[in-house]
Amino acid sequence: MARDRNRTDKPGKGVTRRGFLGTVGAGAVAAVTGLPRPGEAVPEITEPKGMVETALSINGRMHRLLVEPRWTLLFVLREQMGITGTKIGCARGECGACTVLMDGSPRYACMTLALEAQGHEITTVEGLMDGEELGDVQQAFVEEDAFQCGYCTAGQVVAAQGLLAANPSPTVDEIRAGMAGNLCRCGAYVHIFRAVERAAKGRGKGGGR
Amino acid sequence: MLPKFTYSRPGSLVQVANLAARPGTRVHAGGTDLLGCLRDGVFGAESLVSLSGLSDLRGVTPTSGGGLRIGALTTIAEIAANDAISDRYPALAQAAASVASPQLRNQGTIGGNLCQKPRCWYYRGDFHCLRKGGDTCYAFDGENQYHCILGGDGCYIVHPSDTAPALAALGARVTAVSAGGRRTIAVEKLHVPPSTDPQRETALEPGEILTEVILPPPPSGLRSSYRKIRERASWDFAVVGVALALVFDGHTVTTANIFLSGAAPVPWRARQAEEVLNGSNLDGATVERAAHAAVADAEPLAHNAYKVPLFAGLIKEQLTTLGGGT
């Protein structure tokens with residue numbers, strides 16, 4: 001499938017999800033080595049009209065692509081790159097379904113311009129995989145049955161990952177406060193909090209990554 | 001999808017200020033409020049000028065005078081977690097910790113928090129209200145359970161910031177830089193009441209960039225706190241909130257600074273309560289009088305009279321907490 005980077009309609013029309021995903025890594029974006037570190041100088045962009053060239057570091061790979069200044073990181077991840085683990089919920093910074101890590105800290109991708117993500121390390125739920133295995137937080141969500149419909153789960157898992165990076169052994173209250181930016185319409189909160197607790201305990205035993 | 005705009009990220013403050021002075025340009029700091037306003041069509045923007053290329057505007061550093069300088073791009077999360085702020089200016093740390101959600105605290109900046117737009121649902125919604133250049137406040141006769149009980153004058157918003165009342169109580173100032181130079185503004189004077197101009201929130205002129213917050217050295221005997229009450233236990237804006245900065249000499253309050261959130265279109269200085277407290281001991285009767293003095297002039301709308309006793313109770317609680325052990 002030839003990818004048109006300028007398209008703004010939904011991806012995957014007439015294409016199976018797996019087939020669509022399969023094309024992305026090879027064609028749409030180029031992987032290069034030598035990631036810029038956070039805080040490193042980023043190129044100045046002056047008064048662009050239309051599309052702008054940018055480089056985003058996503059899940060440890062650098063991707064060069066053209067974006068419109070108004071495109072959010074969420075839009076670019078899903079609609080331009082086909083990295084669809086990050087979900088669209090409210091699209092107004094309230095529900096947390098689009099949570100990604102930026103330099104290890106949870107952010108709402110729906111409220112982040114793609115151009116503002118330049119020079120930072122972006123991690124999506126796909127980036128939490130340990131090779132072909134689930135990462136420890138993902139695994140803890142499975143073991144605690146911490147979802148029903150699953151739509152909010154990617155955001156919950158990424159938020160939990162960020163919480164545990166900042167606070168490896170949170171109290172129950174700290175877990176509740178740390179997960180406050182993620183809504184679950186199914187109301188699986190009790191299980192979600194248990195999953196975060198389980199992941200924290202697992203890391204305490206040296207089981208985490 | 002956001003409306004189209006051009007974007008620039010200059011590496012120098014002068015360039016930012018020059019670009020920001022152009023009509024149709026908006027300044028992007030953390031972006032959490034800006035993108036929401038653009039998406040909802042509260043206002044438009046032909047171009048955005050981003051501050052994120054200005055690394056000098058990040059971080060918390062001591063000033064030569066014994067205070068703290070907080071760069072305008074310092075995130076709310078960084079402020080909430082900063083030891084020097086927690087130790088010396090707890091009201092600010094508590095206010096920062098109570099802002100929005102973890103994700104928004106990681107993204108939102110102190111400069112943006114001070115300059116944010118009101119959350120009034122008529123202002124944010126499809127109403128051409130007074131604040132947006134119309135001739136009516138739809139909240140006045142409408143759904144006004146979250147609107148102001150003090151300081152309303154044609155427009156009845158509440159100022160949404162938690163950090164602004166804390167900074168005002170602590171006597172903080174901000175620096176505003178433009179192509180023409182720089183000036184400092186007390187946080188207390190930064191916000192514009194509707195009686196002065198219902199269509200602006202801050203005293204910043206077009207092209208003026210808020211670059212830093214300067215906290216004065218804490219006076220000996222300072223105790224400060226911020227607490228807000230919201231409709232739910234997880235994140236939300238303040239229904240009512242109070243920032244206290246009291247200077248004690250032994251058991252006596254020598255100087256009281258009290259600013260309310262959720263009360264008025266600007267962070268509201270509770271002068272009558274301060275007058276009750278200045279020179280007094282925080283005994284039960286004084287606390288009671290101060291709490292009621294804070295809302296003595298309240299003029300509730302049809303659906304927000306509940307805020308009056310809620311403020312009185314909150315102020316009483318916080319004064320009692322701060323006075324503990326004196």
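Select Ser161(B) and display its surroundings. Apart from neighbours within four places in sequence, Ser161(B) is in contact with Asn113(B), Gln116(B) and Ser261(B), where contact means heavy atoms within 4.5 Å. Ser161(B) belongs to the loop between helix H8 (121-124) and helix H9 (163-169) of chain B; helices (H or I, at least four residues) and strands (E, at least two) are DSSP runs, numbered from the N terminus. From Ser161(B) to Gln116(B) the C-alpha distance is 7.3 Å, although 45 residues separate them in sequence. With a relative accessible area of 1%, Ser161(B) is buried. The term buried stands for under 20% relative accessible area, exposed for over 50%, and partly exposed for what lies in between (1.4 Å probe, protein chains only).

The model is a predicted one, in which local features need pLDDT of at least 70 and side-chain atom pairs count only at pLDDT 80 or more, while totals for chains, interfaces and linings use all residues. Residues are numbered from 1 along each chain as its sequence is written, chains are lettered from A and ligands numbered from 1 in the order in which they are written, and side-chain values use heavy atoms, with hydrogens and water left out.

Next, select Gln318(B), which is found in helix H13 (residues 307-323) of chain B. Gln318(B) is buried, at 7% relative accessibility. Beyond its neighbours within four places in sequence, Gln318(B) is in contact with Ser225(B), Arg227(B), Val242(B) and Leu244(B).

Colour the two chains separately to view their interface. Chain B contributes 34 residues to the contact and chain A 36 residues. About 2900 Å² is buried between chain B and chain A, and carbon and sulfur atoms give 52% of this area. On the side of chain B, Tyr7(B), Arg9(B) and Gln103(B) lose the most area to chain A, together 26% of what that side buries. Buried area is the accessible area (1.4 Å probe) that two parts lose on being put together, summed over both.

Chain A has 6 helices and 6 strands, in the sequence pattern α-β-β-β-α-β-β-β-α-α-α-α. Of its 209 residues, 50% are buried.

Strand S4 (residues 99-102) and strand S5 (residues 105-108) of chain A pair in the antiparallel sense over 4 bridges; two strands pair if DSSP finds at least two bridges between them. Val100(A) has Arg107(A) as its bridge partner in S5(A). The hairpin has 2 residues between the strands, and Asp103(A) takes a positive phi near 50 degrees there. Most residues other than glycine have a negative phi.

Asn59(A) also has a positive phi, of about 50 degrees. Asn59(A) sits in the loop between strand S2 (52-58) and strand S3 (61-67) of chain A, and is partly exposed at 28% relative accessibility.

Finally, select helix H3 (136-143) of chain A. Its buried residues are Asp136(A), Val137(A), Gln138(A), Ala140(A) and Phe141(A), and their cover includes H4 and helix H6 (189-204) of chain A. In the loop between H3 and H4 of chain A lies Glu144(A), buried with a relative accessible area of 15%. Leaving aside neighbours within four places in sequence, Glu144(A) is in contact with His191(A), Arg194(A), Ala195(A) and Arg198(A). Asp145(A) has a positive phi of about 55 degrees and is partly exposed at 45% relative accessibility.
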